[in-house]
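User: I am new to this structure and would like to be guided through it by questions and answers. Please begin by showing it.

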Amino acid sequence: MGYRGMHVVDADAHYLEEIRDFAKYLKGPSVERFADWSGQYHMPALVGDQYDVMLHGRTVRGAAGGKGDQDEMLGMSSPADIPVVMERFGIDTIVMIPTYMLMVEFVRNANHAMDICNGYIDYMLDGVCAPEEGIYTLVVAAGRDPERAAKMIDRVAGNPAVCGVEMLGSVELPLGAEAYNPIYEAAQHHGLPIVLHANFLGPDLSSFAKFPSFVESHALDMTWCNQVQLVSMVMEGVPERFPDLKIVFQESGITWVAGLMYRLDTEYMRRRVEAPLLRKLPSEYIRDFYFGTQPMEDMPRKHLKMFFEMLDAENTFIFASDWPHFDYDEPSAVADLPFLSDAGRRKIMGENALSVFRFTEKTVNLEVCA
Amino acid sequence: MARRLWAARASEIGPGERIRLELGGLNLGIFRLSDGFFALEDKCPHQQGPVCSGNLFREITAYVEDDGRVREGYARDEADVVACPMHGWEFEVRTGECLANRRRKVQRFPVEVDGEDLYVILPGG
């Protein structure tokens with residue numbers, strides 16, 4: 001497989017799970033909360049997304065067994081769909097994240113949140129993932145109960161399909177807080193990166209602003225929550241406290257990082273006294289982080305090139321498609337950028353991810369890398 | 001030198017429908033709207049998606065009323081905007097122009113109707 005002779009890793013793709021299939025991996029009352037969910041009593045306009053993430057039919061994702069046009073846009077709602085999608089995009093290694101888990105930080109009941117986290121990772125490991133085929137997942141750690149989240153990481157870290165720990169941008173307390181130490185300790189101990197995935201709830205329930213439309217909310221919330229977490233993790237010294245922990249930011253595009261990086265440097269030069277744990281400039285820590293490329297901003301190439309240079313993209317960027325969501329990127333959106341060197345292109349499309357994530361099966365496509 | 005290539009029988013395409021075909025080395029969609037047939041290349045200028053397989057919609061527009069309030073509505077009654085199924089970019093079928101940015105276009109080709117036959121005029125071969 002691969003794309004243009006490169007081993008391609010997709011660091012962020014989403015599984016469209018059937019909620020009732022997932023329910024059998026839960027325990028106690030959580031089972032009925034999912035298995036017996038009525039699916040009623042909420043009008044579509046009143047569940048947080050009056051504009052519909054898929055734009056009321058403007059974006060289309062087909063179902064398995066679809067005909068003609070649907071095949072070109074196959075979503076991933078069954079394990080059998082995943083290899084088909086990988087083949088279509090030329091992806092050799094894929095990191096699958098269950099879609100509903102992006103919302104777990106909005107579950108305010110800590111017991112319920114952790115039940116869901118435990119059930120979901122069991123669900124993904126029991127039949128969805130297949131590391132021998134390059135199909136991996138992240139164990140999602142709810143920030144509401146770091147101690148139990150750490151125990152969950154310990155419980156599943158030995159599974160070869162687990163390649164990292166995911167946290168969500170909408171955590172209640174910013175991620176620099178010491179409260180999250182158990183999660184970071186567990187991830188570092190097992191050699192798993194922390195992958196911070198941006199998220200939001202749509203305009204009606206937006207956590208950050210009171211925008212009336214999806215386009216406003218999605219444009220800002222998805223970057224803002226990662227900005228909050230990046231500032232917190234850098235300035236509160238997470239890289240100093242956990243020097244072997246690798247940190248990845250996903251699904252905010254890439255342009256938001258550069259301005260923030262230099263703003264933090266400017267602030268730090270004046271107020272270093274408030275961040276005494278730091279041993280170097282904030283921008284130097286940030287260049288040790290990794291950034292998923294999606295959604296790559298649609299902008300003039302000469303300006304995009306500058307952002308790549310500022311962030312040392314060839315060593316810090318990781319291709320992510322976000323398939324099958326509405327704002328996904330084709331591999332060509334990144335791999336075909338004309339200003340990349342051949343070596344840099346290979347790193348961004350696969351090699352950086354291979355060194356960051358814990359892929360137990362080094363399913364590198366040796367043929368295409370030769 | 002333009003090429004005039006036979007593409008389809010007019011009766012193959014019902015009102016508000018389209019066909020997709022390969023013609024003269026290009027993937028095309030031929031749409032039938034209220035005032036005729038329109039051919040677009042089946043390639044989105046964004047990320048090369050199969051734009052002609054997308055669903056058709058009426059163009060949503062908005063205007064400011066005398067009281068300063070914004071009202072939404074449809075620009076026309078006809079569903080003559082095709083949305084690329086990949087990311088939802090919307091294009092006018094008649095012009096190929098992207099509604100969000102008129103400088104971004106799907107390549108459009110003239111269609112000639114000769115009795116029951118449709119011909120597409122493609123650039124030189």
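User: How many helices and strands does chain A have?
Analyst: Chain A of this predicted model has 370 residues, of which 45% count as buried. Among its contacts with a separation of 6 or more, 78% join residues 24 or more positions apart. The count of elements in chain A is 16 helices and eight strands.

User: Which residues of helix 6 of chain A are buried?
Analyst: Helix 6 of chain A spans residues 146-156. Its buried residues have a cover that includes helix 5, strand 3 (135-140), strand 4 (162-168) and helix 7 (181-190) of chain A. The buried residues of helix 6 are P146(A), R148(A), A149(A), A150(A), M152(A) and I153(A).

User: Are helix 6 and helix 7 of chain A roughly parallel or roughly antiparallel to each other?
Analyst: The axes of helix 6 and helix 7 of chain A lie 8 Å apart, and the two helices pack at an angle of about 15°. Their crossing is right-handed. Angles under 35 degrees count as roughly parallel. Helix 6 and helix 7 of chain A are therefore roughly parallel.

User: How do the residues of the contact of helix 6 with helix 7 of chain A divide into nonpolar, polar and charged?
Analyst: Helix 6 of chain A contributes P146(A), E147(A), A149(A), A150(A), I153(A) and D154(A) to this contact. From helix 7 of chain A come P182(A), I183(A), E185(A), A186(A), A187(A) and H190(A). The residues of the contact divide into eight nonpolar, one polar and three charged.

User: Which helices of chain A each supply at least two residues of the side that touches chain B?
Analyst: The contact takes 13 residues from chain A and 12 residues from chain B. On the side of chain A, five residues are nonpolar, three polar and five charged. The helices that each supply at least two residues of that side are helix 3 (69-72) and helix 14 (332-335).

Terms used. Residues are numbered from 1 along each chain as its sequence is written. Chains are lettered from A and ligands numbered from 1 in the order in which they are written. This is a predicted model: local features need pLDDT of at least 70, side-chain atom pairs count only at pLDDT 80 or more; totals for chains, interfaces and linings use all residues. A residue is buried if 20 or more other C-beta atoms lie within 10 Å of its own, exposed if 12 or fewer, and partly exposed in between; C-beta atoms are placed from the backbone. Helices (H or I, at least four residues) and strands (E, at least two) are DSSP runs, numbered from the N terminus. Two residues are in contact if their C-beta atoms, placed from the backbone, lie within 7 Å. Ala, Val, Leu, Ile, Met, Phe, Trp, Tyr, Cys and Pro count as nonpolar, Asp, Glu, Lys and Arg as charged, and the others, Gly among them, as polar. Axes are lines fitted to C-alpha atoms, for helices over the stretch in contact, and angles run from 0 to 180 degrees between N-to-C directions. Angles under 35 degrees count as roughly parallel, over 145 as roughly antiparallel, 65 to 115 as roughly perpendicular and the rest as oblique. A crossing is left-handed if the near helix is turned anticlockwise from the far one by less than a right angle, and right-handed if clockwise.
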